[in-house]
Amino acid sequence: MFDLTLDPKIQDTLTIFLAIVIEAVPFIVLGVLVSAVLSAFVKDKWLLKLRGDNRFGSHLISSLLGMLFPVCECGNVPVTRELLGKGFSPSQAVSFYLGAPILNIVVIASTISAFGSSPLIVLARVLGGLAIAVVIGLIVSYHPRQTELLTPTTAALCEVHKHQHAYGIKVLLSKRFVKRFLNEFLSMLNLLIFGAALAAITQLWVPRDFIYLFASNPLLSILAMIALALILSVCSTVDAFIALAFVGQFSPAAIVAFLIFGPMIDFKAISMLLTTFKPRLVALMVFLVTSFTLIISLSLSLGGY
Amino acid sequence: MKLAKQTEKLVRNLRLVNLLGVLVGFYLVRLYFAQTNQYYINTAYFNFNLLMGLLLLVLSLASLFFYPVSGLRQYLPTLLFILVAFMTPALPLSSATAAVRPVNLSRSGGELEVSPLLSKDPSTLKISEWARLFNYEPDFSRYKGQEVDVIGFVFKPEASNVFSKENFWVGRFVLTCCAVDASALGLEVETSENWPGDVSLDDWIRVSGNWELKERDGKQYLVVNPKEIVKVSQPDKPYEN
């Protein structure tokens with residue numbers, strides 16, 4: 001359209017920024033559609049029955065729900081909101097949000113195909129991810145006033161939802177669906193754009209050598225891989241292949257840290273989470289996920305991996 | 001105050017926020033048909049991207065009739081994204097990215113069978129095929145003297161010294177998922193000191209020559225000893241798989 005020539009480094013930063021958004025937008029569309037289908041065809045009482053009322057059991061089921069709704073992290077936030085609308089507590093929604101991007105058939109399959117020769121990495125990722133999702137959900141469940149954990153708009157959405165009893169295809173063909181689709185999509189997109197910009201800028205302007213400096217020390221190498229996961233913001237369905245590139249330089253324990261932390265927390269996920277949860281809860285989640293990832297990876301590292 | 005209210009009304013009446021959704025959908029669809037999507041994402045995502053882009057386009061167009069949205073200010077990031085998306089020239093990644101990424105000489109095979117490459121005429125191998133071969137058979141002495149004939153862009157990994165026409169890399173990017181994970185595969189080229197030709201970063205060139213085995217810091221490495229280097233135009237598919 002225009003004949004614009006940019007400095008190569010700026011041009012590449014923009015290309016990477018656009019690439020993250022282009023890659024993620026279809027998954028957000030899919031996520032909003034899956035949550036709409038969930039809303040239209042899955043009766044609240046079925047899901048609530050599946051979930052149960054037991055504190056531990058309900059968080060375990062919530063963590064594993066990703067097996068039923070195969071959406072990766074970008075499409076995950078709309079589905080999390082839908083579950084809140086269906087009567088899941090914020091703490092159960094947290095368990096779902098953290099568990100789904102790892103405990104997901106597509107992700108497990110791609111991890112096996114990348115790391116099939118080191119089953120320890122696959123197991124540590126799947127079981128570690130499950131443990132973190134359940135435990136953090138349980139911790140959050142002890143907050144006495146759960147609705148205070150949600151942003152006002154999400155809390156209001158849940159209220160409206162309680163009075164919606166229509167199900168079936170007509171819901172998908174209604175004006176309200178179009179309204180909801182556009183609202184959800186645009187609010188996710190807004191925040192995705194922030195995360196993508198941050199990731200693209202750090203990618204090109206923070207020297208990668210700086211991260212490799214830490215590869216030799218066990219604790220520092222784990223922290224470096226966590227930092228890398230935060231910056232790269234790669235989709236969990238393919239992050240295993242990307243982790244392969246680090247196998248030579250980093251220990252298996254550090255690779256596991258990348259594979260557990262990345263799907264749960266990264267720049268774009270943090271910004272999208274802020275649409276749903278209060279900043280305080282998001283900060284707590286980031287802190288806890290980081291701590292538990294460190295515990296799992298350090299124990300592997302002490303075990304000689 | 002009155003002006004702000006009237007602006008909001010105008011935004012609502014003109015369906016400006018709804019148009020943002022339409023434009024994002026249109027952008028995705030256009031990328032597919034302009035074939036510039038290859039600069040951003042792996043080919044495996046092309047169809048999914050088109051499908052979801054079309055759905056987004058249709059649903060946002062429908063919203064123009066049913067549901068005017070106000071609050072353009074709230075969607076400023078999206079507006080900025082659309083400006084960047086439509087104004088940034090669509091180009092493949094350049095040597096600027098190769099300089100900040102670890103450069104791989106070898107690459108794991110993925111779904112492709114590697115062993116048939118061994119029996120192929122070496123001069124027909126692409127850069128990504130050489131990289132797979134080095135990963136499969138890392139004994140460099142095996143390749144000594146073999147013919148190389150590849151097309152790629154000129155770059156220089158950050159790890160080594162400043163760029164010179166006597167020693168540079170010719171390479172291609174490969175994407176696993178999207179440009180965020182692009183890694184540069186490259187073959188090192190060393191020309192003789194009084195080589196009359198000239199290359200600069202990001203030139204697309206065709207290099208033909210032979211593999212030469214050299215040693216640096218006690219480690220063996222392969223370098224292309226070029227017979228001929230010609231400048232070519234950027235290929236239709238600048239990335240390899």
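**Reading a two-chain model**

Guide: Ser91(A) is buried, because its relative accessible area is 1% and buried means under 20%, exposed over 50% and partly exposed in between, with a 1.4 Å probe and protein chains only. This is a predicted model, in which local features need pLDDT of at least 70 and side-chain atom pairs count only at pLDDT 80 or more, while totals for chains, interfaces and linings use all residues. Residues are numbered from 1 along each chain as its sequence is written, chains are lettered from A and ligands numbered from 1 in the order in which they are written, and side-chain values use heavy atoms, with hydrogens and water left out.

Visitor: Where is the place of Ser91(A), and which residues does Ser91(A) touch?

Guide: Helices (H or I, at least four residues) and strands (E, at least two) are DSSP runs numbered from the N terminus, and Ser91(A) sits in helix H5 (residues 90-99) of chain A. That helix is mostly covered, with 10 of its 10 residues buried, among them Gln92(A), Phe96(A) and Tyr97(A). Contact means heavy atoms within 4.5 Å; leaving aside residues up to four places away in sequence, Ser91(A) touches His59(A), Gly137(A), Val140(A), Ser141(A) and Gln146(A). A polar contact is a pair of N or O atoms within 3.5 Å, where within protein one must be able to donate a hydrogen and the other to accept it, and residues adjacent in sequence count only if both atoms are side-chain atoms. The side chains of Ser91(A) and Ser89(A) make such a contact at 3.0 Å.

Visitor: Which side chain makes a polar contact with that of Glu188(B), and is Glu188(B) buried or exposed?

Guide: The partner is Arg216(B), at 2.7 Å between the side chains. Glu188(B), in strand S3 (residues 183-190) of chain B, counts as buried because its relative accessibility is 5%. Among the residues that Glu188(B) touches, beyond four places away in sequence, are Phe168(B), Trp169(B) and Tyr221(B).

Visitor: How is a pair of aromatic rings described?

Guide: It is described by the distance of the centres and the angle of the planes. Rings of Phe, Tyr and Trp (its six-membered ring) pair if their centres lie within 6.5 Å, and planes under 30 degrees apart count as stacked, over 60 as edge-to-face and the rest as tilted. The count over all chains comes to 21 aromatic pairs. The ring centres of Phe153(B) and Trp204(B) are 5.8 Å apart with planes at 50 degrees, so this pair is tilted. Phe153(B) lies in strand S1 (residues 147-155) and Trp204(B) in strand S4 (residues 204-216) of chain B, so that the pair links distant parts of the chain, 51 residues apart.

Visitor: How many residues does each chain bring to the contact between chain B and chain A?

Guide: Chain B brings 53 residues and chain A brings 48 residues. Buried area is the accessible area (1.4 Å probe) that two parts lose on being put together, summed over both; here it is about 4600 Å², 76% of it on carbon and sulfur atoms. Across this interface there are seven residue pairs in polar contact, both residues at pLDDT 80 or more. On the side of chain B that touches chain A, H3(B) gives the most, with 10 residues.
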